[in-house]
Amino acid sequence: MGIWPYLAAGWVLLVALYGLVTSHNLIHAIGCLAVAQSSTYLLLLAVGYRRGGTAPVYSDLTPGTRPVVDPVVQALALTDVVVGATVTALLLALTIQLRKRHHTVDPQALTGLKG
């Protein structure tokens with residue numbers, strides 16, 4: 001597989017960070033954070049991939065006959081998806097409340113937030 005998945009994960013992260021830095025809208029910034037989170041999915045897939053590997057849950061495999069993938073990486077990827085969705089939902093809910101109270105989602109206009 002080589003270095004390509006790692007480069008793809010780095011490229012996706014850099015694109016997301018560029019979008020985050022240049023964002024003038026909180027919803028766009030939250031979307032960029034979600035894209036940055038997806039770069040970690042690519043990274044975990046690259047780490048856990050084994051050519052010809054199979055799931056380690058089959059009982060008919062004799063140990064050492066075929067390579068199996070690491071289930072810890074799969075669990076981390078699933079946890080990453082759940083945490084990413086939860087954080088995105090929370091940030092969007094906070095943005096909605098901010099829009100209701102201050103009538104803007106532009107971070108430049110929110111510099112003087114006080115009680």
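Start with helix α1, which gives the most to a nonpolar surface patch, with three residues. Helices here are DSSP runs of H or I with at least four residues, numbered from the N terminus. Select Ile3, Trp4, Tyr6, Leu7, Leu43 and Val47 to show the whole patch, about 640 Å². The elements that give two or more residues to it are α1 and α2. Patch residues have over 30% relative accessible area (Shrake-Rupley, 1.4 Å probe) and no salt bridge (a Lys or Arg side-chain nitrogen within 4 Å of an Asp or Glu carboxyl oxygen), with nonpolar side chains joined within 5 Å.

A word on the model: it is predicted, so local features need pLDDT of at least 70 and side-chain atom pairs 80 or more, while totals for chains, interfaces and linings use all residues. Numbering runs from 1 along each chain, and side-chain values use heavy atoms, without hydrogens or water.

Next, select residues 4-21 (α1) and 26-48 (α2): their axes, lines fitted to C-alpha atoms over the stretch in contact, come within 8 Å and cross at roughly 170 degrees. The two are therefore roughly antiparallel (over 145 degrees, on a scale from 0 to 180 between N-to-C directions). Tyr6 of α1 is among the residues that meet α2 (heavy atoms within 4.5 Å). The contact residues divide into 17 nonpolar, four polar and no charged.

Technical notes. Angles under 35 degrees count as roughly parallel, over 145 as roughly antiparallel, 65 to 115 as roughly perpendicular and the rest as oblique. Ala, Val, Leu, Ile, Met, Phe, Trp, Tyr, Cys and Pro count as nonpolar, Asp, Glu, Lys and Arg as charged, and the others, Gly among them, as polar. Patches are made of residues with over 30% relative accessible area and no salt bridge: like charges are joined within 9 Å, nonpolar side chains (Val, Leu, Ile, Met, Phe, Trp, Tyr) within 5 Å.
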